[in-house]
Every structure is written in C-alpha cells, then in structure tokens.
Amino acid sequence: MKGKVFTLILVLSLLMAGCGSHEPQTNWEENWTVIAPFLAAEPMEDFAFGESDDILGISGVYYAAWTNGEERSFTNAEGEDTVIFDAQIYVVALECRTEEEAQQNIAAWKAREKQNYQVSEELGITLNNRNYTMLTMTSGNEGNPYGFGAAAFTVSGTNAICVELVCSDSFAGNPQVALEAFLNGLHFSE
C-alpha cells in the first residue's frame, strides 16, 4: 500500500511540475509598467503613465498609454468632446500565431500611419538591443489635434509591437528623441 501511495504522489508531483504559468518568466523592476506578459516599460521623464488595458489580453491584445502636459478639452470633427495632451505615447502589443502574422500586423499599422500622416522614409534603428523600424510623422490629417510625431515597430518572436508618440503644437520636445528615450526603457521577455 505504501508503494502505491508513493507512486501516486510521485506521479502527481510530476504532473504538477508540468502545470503552471506558460507566461515568460520575468524579472521586471517594481517601478516598471507591465504592458503584456512579455513587455514592460521603465518610467520616462516628463511623461506620466496614463492607462493600460490588459482586459483584451485574453485575445492577445495589450495596450498602454503615457501623457505629457496638461489635459485639455478638444472637440473632434464629429462634434465629440475628448481630452488631449501636449503629447501621448501609445503602446499596442499583439500576440500572433506566427512571426509572419506579426509582420503582417506591423505592415497594417504602418499603412494606417501613412493614411493619417505624411511620413518620412522608414528608418531602421537599434535601441536597447532591439531592432525597430521608425517613421517620422508630419502634417496630420485635417482636424487631428496631434499634427506630428513618430512611431516605431518591432517583432519579438510571434508578438507585434507598435509604439506611437503623437504630439500637439504645444509639445516643446523632439518626437524622435522622446520616442527613442522611451524605447531605450522598453524591455522584452524572450
């Protein structure tokens, strides 16, 4: 009987060892903002963490935003009131099934930027040991309170990541410099 109980305990222990989180193991710092199980951001000078939404995480979509400057009201072309800032950083992370699917999502995000802004040629940059494609966005569509900015895109395994910095006329900084500073504080779990 003792042998059967021991065997049962051993089998259960082995089964339990296979259970648990399949999320990447991370060593995130306490003051970092966890955007997704595989992505976290350090605090950034002059930008305040605004919000995040991992409720969509069940479908593999993660979102976070940071703001710069004072909040103010803006009425869009449809007559809807909204809040804008001097600048905002948005991060969207998407879990895909394959790297090819992640690349397709990046292409779609770039196309969206090109519909909303005049953009520079794509620039390849490496920051914090990560390769990005960066677009400088100028002259936003009429009625857009954010007339310029910069966006960066990368793939991490099968995950697609878009980081967008949009700026109103009251933003005193350089969008490329600010975006690069943010990207230098972005951390991935491989």
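This is a predicted model: local features need pLDDT of at least 70, side-chain atom pairs count only at pLDDT 80 or more; totals for chains, interfaces and linings use all residues.
Local features need pLDDT of at least 70 and side-chain atom pairs count only at pLDDT 80 or more, while totals for chains, interfaces and linings use all residues. Residues are numbered from 1 along each chain as its sequence is written, and side-chain values use heavy atoms, without hydrogens and water.

Helix H3 spans residues 175–184 (helices are DSSP runs of H or I, at least four residues; strands are runs of E, at least two; both are numbered from the N terminus). Pro175, Ala178, Leu179, Phe182 and Leu183 are buried in H3 (under 20% relative accessible area, 1.4 Å probe, protein chains only). These buried residues line one face of the helix, because they fall within an arc of 135° seen down the axis of H3 (the arc is that of the directions from the helix axis to the C-beta atoms).

The largest nonpolar core has 31 residues (a core is a set of buried Ala, Val, Leu, Ile, Met, Phe, Trp, Tyr and Cys residues joined through side-chain atoms within 4.5 Å). Leu39, Leu183 and Leu186 have the most contacts inside this core. A second, separate core has 17 residues, including Ile84 and Val155.

Thr67 lies in strand S4, residues 61–68. Thr67 counts as buried because its relative accessibility is 14%.

Strands S9 (residues 123–127) and S10 (residues 130–140) run antiparallel and are joined by five bridges (two strands pair if DSSP finds at least two bridges between them). Leu127 has Arg130 in S10 as its bridge partner. Two residues sit between the strands of this hairpin, where Asn128 takes a positive phi near 55°.

How values were computed
Buried means under 20% relative accessible area, exposed over 50%, partly exposed in between (1.4 Å probe, protein chains only).
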